[in-house]
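Please load the model in your viewer and keep the sequence panel open beside it. The tour goes from one selection to the next and says what is to be found at each stop.

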Amino acid sequence: ASGDRNGAVKLWDGRQSKWGRVPAVARLACAHESGVTSLVDSTLVMPYTIASAGRDGIVKIWDLRKLDDFEPPLITFRAHQSNVTALCSCTHGIVSAGDEGITRLWSAKALKAFTIQ
């Protein structure tokens with residue numbers, strides 16, 4: 001998966017490579033209002049998902065089996081008031097870091113934030 005500065009997310013399948021080119025198998029043209037800053041495999045949190053974060057401070061969790069412009073994200077939440085600068089997933093949930101210097105662990109069960117000092 002990849003994201004761009006215009007807010008789009010693309011999913012790639014390397015198995016379909018032809019002559020060194022890998023086609024995008026799915027594209028979300030407007031995944032975020034502004035640029036995508038981070039993408040992470042979030043299958044530890046929910047099966048068959050990826051999470052995206054953007055300059056808009058929003059984190060979205062997408063179902064890989066239904067990835068297109070007509071299908072809304074499974075979950076959308078405001079992670080930070082400014083840019084999300086990093087994103088990772090673990091068995092406990094999703095960790096996000098923001099421009100404001102705060103790192104949060106979002107509980108997989110409740111999507112409740114726990115600030116990490």
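Before the first selection, a definition: a residue is called buried when its relative accessible area is under 20%, exposed when it is over 50%, and partly exposed in between, with a 1.4 Å probe and protein chains only. This is a predicted model, in which local features need pLDDT of at least 70 and side-chain atom pairs count only at pLDDT 80 or more, while totals for chains, interfaces and linings use all residues. Residues are numbered from 1 along each chain as its sequence is written, and side-chain values use heavy atoms, with hydrogens and water left out.

**The whole chain**

Begin with a cartoon view of the protein, which has 0 helices and 11 strands, where helices (H or I, at least four residues) and strands (E, at least two) are DSSP runs numbered from the N terminus. Switching to a surface view, one finds that the protein exposes about 7000 Å², of which carbon and sulfur atoms supply 52%; these areas come from the Shrake-Rupley method with a 1.4 Å probe, and for residues only the protein chains shown count as cover. Of the 117 residues in the protein, 39% are buried. If contact is taken as heavy atoms within 4.5 Å, residues 24 or more positions apart account for 33% of the contacts with a separation of 6 or more.

**Gly7 and the residues around it**

Select Gly7 next, in the loop between strand S1 (2–3) and strand S2 (9–12). Gly7 counts as buried because its relative accessible area is 0%. With neighbours within four places in sequence left aside, the contacts of Gly7 are Leu28, Ala29, Cys30, Ala31, His32, Ser34, Gly35 and Val36. For Ser34, which is 27 residues from Gly7 along the chain, the C-alpha atoms of the two are separated by 4.9 Å.

From there, move to Cys30, in the loop between strand S3 (24–28) and S4. Is Cys30 buried or exposed? Its relative accessible area is 67%, and therefore Cys30 is exposed. A distance to display here is the one between the C-alpha atoms of Cys30 and Asn6, which are 24 residues apart along the chain and separated by 7.8 Å.

**Tyr48**

Continue to the loop between strand S4 (36–41) and strand S5 (49–54), where Tyr48 has its place. Its phi is near 60°, a positive value in a residue other than glycine.

**Phe77**

Now select strand S7 (residues 75–78), which contains Phe77. Phe77 counts as buried because its relative accessibility is 10%. Phe77 and Gly57 are 20 residues apart in sequence, and their C-alpha atoms are 8.6 Å apart in space.

**The cavity**

A cavity is, on a 1 Å grid over the protein atoms alone, a set of points where a 1.4 Å probe fits but cannot get out, and its lining residues have an atom within 4 Å of a point. The structure holds 1 cavity of 30 Å³ or more. The volume of the largest cavity is about 50 Å³, a volume being the space filled by probe spheres set on grid points that are joined across faces, edges and corners. To show its lining, select Trp62, Asp63, Lys66, Leu67, Glu71, Pro72, Pro73 and Leu74.

**Cys88 and Cys90**

Which cysteine sulfur is closest to that of Cys88? It is the sulfur of Cys90, at 6.1 Å, which is too far for a bond. A disulfide is defined here as a pair of cysteine sulfur atoms within 2.5 Å, and by this rule the count comes to 0 disulfides. Cys88 is partly exposed because its relative accessible area is 35%, and Cys90 is also partly exposed, with a relative accessible area of 23%.

**Asp99**

At 48% relative accessibility, Asp99 counts as partly exposed. Beyond its neighbours within four places in sequence, Asp99 is in contact with Ser82, Asn83 and Thr85. Asp99 and Gln81 are 18 residues apart in sequence, with 8.4 Å from C-alpha to C-alpha.

Methods
1 Å grid on protein atoms, 1.4 Å probe; cavity = no way out; pocket = protein on both sides within 12 Å on 5 of 7 lines; lining within 4 Å.
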